Amino acid sequence: VNKERSQQRIKELTSELDIVTERAEKLQDEVNHGKPAERRIYEIAQLQARRDAEVRRMTTEIESLRKTIRSMEDREAQFAAQRDDLMAEINDFERSRKRSRVNLDYLKNIMVKFLAFEGHESERKALYPVIGTVLQFGPSDWKAVRAASSSSWWSTVS
């Protein structure tokens, strides 16, 4: 009984397939041999479908390239920050190296003069550049000195 049903179902499906195949062949024949205007519409539709697919592909590629650019810009910013940090370290090292070669007697004499000018603010301020040069002050050191001199911090040293 099942075998007969299966065979009957196979015949039905084969018949439906033949009908669909015949209809597809007719449609293809109409496209191939149809009126010129109908063929042109079909060709234009195919061309537009290819263009749409290409636009989607290019849009995806553009977005991917934009992500790559953003990633590279981020990396460039990181490298620039690292470069700046390394340059600051190099400058600090250079100042430190130069400081290690300072003649301590010379520095002592400058500091004695500086401290001896108590109450003579102009003479003391004249020694700021000398002390800064000998000790290789960096920008942050100079900023601290300017802040201290404006608040008369040095005048408390005796």
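This is a predicted model: local features need pLDDT of at least 70, side-chain atom pairs count only at pLDDT 80 or more; totals for chains, interfaces and linings use all residues.
A residue is called buried when its relative accessible area is under 20%, exposed when over 50%, and partly exposed in between, using a 1.4 Å probe and protein chains only. Residues are numbered from 1 along each chain as its sequence is written, and side-chain values use heavy atoms, leaving out hydrogens and water.

With 22% relative accessibility, Phe137 counts as partly exposed. Trp142, at a relative accessible area of 24%, is partly exposed too. By contrast, Phe114 and Tyr128 are both buried.

Rings of Phe, Tyr and Trp (its six-membered ring) pair if their centres lie within 6.5 Å; planes under 30 degrees apart count as stacked, over 60 as edge-to-face and the rest as tilted. The Phe114 and Tyr128 rings have centres 5.9 Å apart and planes at 45°, so this pair is tilted. For Phe137 and Trp142, the centres are 5.1 Å apart and the planes stand at 70°, so the pair is edge-to-face.

Phe114 and Tyr128 also belong to the largest nonpolar core, which has eight residues in all. Such a core is a set of buried Ala, Val, Leu, Ile, Met, Phe, Trp, Tyr and Cys residues joined through side-chain atoms within 4.5 Å.
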